[in-house]
Amino acid sequence: MKDLNIHLISLSEENQEKHELEMWSNPLDIPEIDIEQMETLLEHPPKLCDDQDHCNSYRLSGDRCKCIRTLFLHETHYELYKQLVKQKIEQGFWELISKPGKHLDKDENK
Ligand SMILES: [Zn+2]
């Protein structure tokens, strides 16, 4: 008999995943943010598992998979990180299109 698809996700695995995800996003238990770690992650962004078959956790939880959960102590940390990444990108964009030294304050309305 051929092996069943090894990528099949067992029920217990799924339950475990749900449980871990719940703990990770528990609003009543948010650990302090490690700013230094956050900066390091911004400098060296972690890869998501979307192109890796081996991460069953990703298939169940998407970008909140086990690997992300080991990097960020809590969901709110991850949310903050994503905000910071967005800001960083936008900032880079504005720096690119605005002249040096010129800021985006609304002087023209004076
Ligand atoms: Zn993963």
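Helices here are DSSP runs of H or I with at least four residues, numbered from the N terminus. This is a predicted model: local features need pLDDT of at least 70, side-chain atom pairs count only at pLDDT 80 or more, and totals for chains, interfaces and linings use all residues. Residues are numbered from 1 along each chain as its sequence is written.

Start by selecting Q37, which sits in helix α2. Q37 counts as partly exposed because it has 14 C-beta neighbours inside 10 Å (20 or more would be buried, 12 or fewer exposed, with C-beta atoms placed from the backbone).

Next, show all of α2 (residues 35-43) together with α5 (residues 75-97): their axes come within 11 Å and cross at roughly 50°. (Axes are lines fitted to C-alpha atoms, for helices over the stretch in contact, and angles run from 0 to 180 degrees between N-to-C directions.) That angle makes α2 oblique to α5, meaning not under 35 degrees, over 145 or 65 to 115.

Which residues make the contact? Pick M38, L41 and L42 on α2, then Y81, L84, V85 and K88 on α5; contact means C-beta atoms, placed from the backbone, within 7 Å.

Finish on L42, also in α2. Setting aside neighbours within four places in sequence, L42 touches L84, V85 and K88. L42 is partly exposed, because 13 C-beta neighbours fall inside 10 Å.

Methods: Helices (H or I, at least four residues) and strands (E, at least two) are DSSP runs, numbered from the N terminus. Two residues are in contact if their C-beta atoms, placed from the backbone, lie within 7 Å.
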